[in-house]
Amino acid sequence: MGWRDGASPVAAGPAAHGPLLRVDRATLEYKAGQRRIRATHEVSFDVWPQDRFILLGPSGCGKSTLLKAAAGFVAPVSGALLLDGVPVRAPGPDRVVVFQEFDQLPPWKTVKQNVAFPLRTAHRLPRREAEERALHYLDKVGLSAFADAYPHTLSGGMKQRVAIARALAMQPRILLMDEPFAALDALTRRRMQEELLRLWEDSPFTLLFVTHSIEEALIIGNRILLLSPHPGRVRAELNAHQYGLHSPGSSAFQAAAQRIHTLLFGEAGTAEAAARRAA
Ligand code: ADP
Ligand code: MG
């Protein structure tokens, strides 16, 4: 793990001179009657092409709000979010969100229709092309056999696979994922993490991924932004490209997880500190 060093990882294509997504001192708020609730305070980070960039922090620190701002659903009260240097003003098909909830698929559409529909509406693909592309991405997530099934007949893991296929089929500039595996059982969650990394290795995309799991952040991410509790401020930014699926259990991984825990919660909350108190 290294500190923010300004080094840019793989950047290719016409926009290679700058980050794909720049979040620049973004302060995000909600209005609740007369009150204003500050979700994040002057948060800055850059996401480069093919990053697997993680927003990590405790519940309520503004992770989902940052994702909503990147998606164009929430505008900053100060600061800016820039996609390829252009301020994000509204949602668009270049930014697709995968949520935690299993009910993000319209239940009256089959799996194939769920994946094909946004291709027809947002990309204006003819029905045949949309369906072909849908089947291609369903195959990538291992769900070809379920193309004609309805969402209610699928397990939670399968529904999340459909949501991922639907998002990737859109070929967005950046894929936004908000704790997509948090509601799954531990084994399924692990399998989904493996599949997401396999999909990325197969054909790298740019990912902005929200989680409150330190382990998941280290496994999925190449870079991790640590956010303080409410309102979220940047605590640190770390490199995590050296950790992957087979890292948990290794002493280096444990040490990294411990260090992140200390950065997030301070010395008082660490296992070491607890052991010292017990001694
Ligand atoms: P996280 O995803 O990190 O758990 P959120 O981004 O959902 O955090 O929320 C950040 C803060 O904003 C929290 O204090 C939360 O209560 C508040 N908040 C979230 N959504 C709304 C909303 N629609 N209206 C008012 N406050 C909200
Ligand atoms: Mg959230």
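Leu83 stands opposite Val86 of strand S5, where strands are DSSP runs (E) of at least two residues and helices are DSSP runs (H or I) of at least four, both numbered from the N terminus. Strand S4 (residues 78-83) runs antiparallel to S5, and 2 bridges join them; two strands count as paired if DSSP finds at least two bridges between them. The model is a predicted one, in which local features need pLDDT of at least 70 and side-chain atom pairs count only at pLDDT 80 or more, while totals for chains, interfaces and linings use all residues. Residues are numbered from 1 along each chain as its sequence is written, and chains are lettered from A and ligands numbered from 1 in the order in which they are written.

These strands belong to an open sheet of 4 strands, ordered S2-S1-S4-S5 with antiparallel pairing. Strand S2 (35-47) and strand S5 (86-87) are its edges, each pairing on one side only. Helix H1 (residues 63-71) packs on the sheet and touches strand S1 (21-32), S2 and S4. The direction of H1 makes about 110° with that of S1; axes are lines fitted to C-alpha atoms, for helices over the stretch in contact, and angles run from 0 to 180 degrees between N-to-C directions.

H1 gives the most, with 3 residues. The shell has 13 residues, and Tyr30, Ala39, Lys63, Ser64 and Thr65 come nearest; a residue is near a molecule if its C-beta atom, placed from the backbone, lies within 6 Å of it.

Turning to the interior, 38% of the 279 residues in the chain are buried, that is, they have 20 or more other C-beta atoms within 10 Å of their own, with C-beta atoms placed from the backbone. The largest nonpolar core has 70 residues, and Ile54, Ala70, Val115 and Leu208 are among those with the most contacts inside it. Such a core is a set of buried Ala, Val, Leu, Ile, Met, Phe, Trp, Tyr and Cys residues joined through C-beta atoms within 7 Å. Helix H4 (residues 156-169) provides its largest share, 7 residues.

Val115 is also one of the buried residues of helix H2 (residues 111-121). The buried residues of H2 pack against helix H3 (127-140) and H4. Beyond its neighbours within four places in sequence, Val115 is in contact with residues including Ala134, Leu138 and Ala165, contact requiring C-beta atoms, placed from the backbone, within 7 Å.

How values were computed. A residue is buried if 20 or more other C-beta atoms lie within 10 Å of its own, exposed if 12 or fewer, and partly exposed in between; C-beta atoms are placed from the backbone. Two residues are in contact if their C-beta atoms, placed from the backbone, lie within 7 Å.
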